[in-house]
Amino acid sequence: MMNRFKTMLMTASIVLGIISFTVSCSNGPDKTDMQNQIQSQITESLAQKGLPGVKCKSVALVKESKNKYTGIAEIGNDAMSEQHSIDVTVDGETFVWKMEN
C-alpha cells in the first residue's frame, strides 16, 4: 500500500511538472496567495490522478531572492504524509512552480 501510494504520488508530481498562474497583483504575487494556489492545484491534480483521499495539507514558501522562492509541500492522507520540495520562480505577475519528488 505504501509503495503504491509513493508511486502514484511520484507519478502525480511528474505529471504536474510546471504550472503557472496569472495573479492580479501588479507588484508580483503575494506569498500567501501563491502558497494557497499551489496547495489547491496539487490537491486537484492528486484527485484527478485517482488519489481522492490524498491531498496537499500545506505549502510553506521562503523568499530566496527577488524572483525565487523555495519551500515544502506536505502531501498525504489521514494516516501518513510526506514532504516534497517546491521551487517557485516569479516573473512580474506570473509565477511558475515545480515540485521535486
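This is a predicted model: local features need pLDDT of at least 70, side-chain atom pairs count only at pLDDT 80 or more; totals for chains, interfaces and linings use all residues.
## Asn77 and its loop

Leaving aside neighbours within four places in sequence, Asn77 touches Gly53, Val54 and Lys57. Asn77 itself sits in the loop between E3 and E4.

## The chain as a whole

Stepping back, the protein chain has 2 helices and 5 strands. Read from the N terminus, these elements follow the order α-β-α-β-β-β-β. The protein chain has 101 residues, and buried ones make up 36% of them.

Contacts across the sequence are worth a look too. Of the contacts in the protein chain with a separation of 6 or more, 48% are between residues 24 or more positions apart. The accessible surface of the protein chain is about 5,900 Å², and carbon and sulfur atoms account for 48% of that area.

## Helix H2 from end to end

At the start of H2, a side-chain oxygen of Asp30 comes within 3.1 Å of the backbone nitrogen of Thr32. After the helix comes Gly50, with a positive phi near 85 degrees.

The buried residues of H2 are Met34, Gln35, Ile38, Ile42, Ser45 and Leu46. Viewed down the axis of H2, they fall within an arc of 105 degrees, so they line one face of the helix. An α-helix has 3.6 residues a turn, so residues three or four places apart point the same way.

Gln37 also belongs to H2, which covers residues 31–48. Is Gln37 buried, exposed or partly exposed? Its relative accessibility is 26%, so Gln37 counts as partly exposed. The C-alpha atom of Gln37 is 9.4 Å from that of Val59, a residue 22 positions away along the chain.

## The nonpolar core

The largest nonpolar core has 18 residues, and Ile38, Ile42, Ile86 and Val88 have the most contacts inside it. At least two residues of this core come from each of H2, E2 (55–65), E3 (68–76), E4 (81–91) and E5 (94–99). H2 gives the most, with 4 residues.

Neighbours within four places in sequence aside, Ile38 is in contact with Val59, Leu61, Ile86, Val88, Phe95 and Trp97.

Terms used. Residues are numbered from 1 along each chain as its sequence is written. Side-chain values use heavy atoms; hydrogens and water are left out. Buried means under 20% relative accessible area, exposed over 50%, partly exposed in between (1.4 Å probe, protein chains only). A nonpolar core is a set of buried Ala, Val, Leu, Ile, Met, Phe, Trp, Tyr and Cys residues joined through side-chain atoms within 4.5 Å. Contact means heavy atoms within 4.5 Å. Accessible areas come from the Shrake-Rupley method with a 1.4 Å probe; for residues, only the protein chains shown count as cover. The arc is that of the directions from the helix axis to the C-beta atoms. A polar contact is a pair of N or O atoms within 3.5 Å; within protein, one must be able to donate a hydrogen and the other to accept it, and residues adjacent in sequence count only if both atoms are side-chain atoms.
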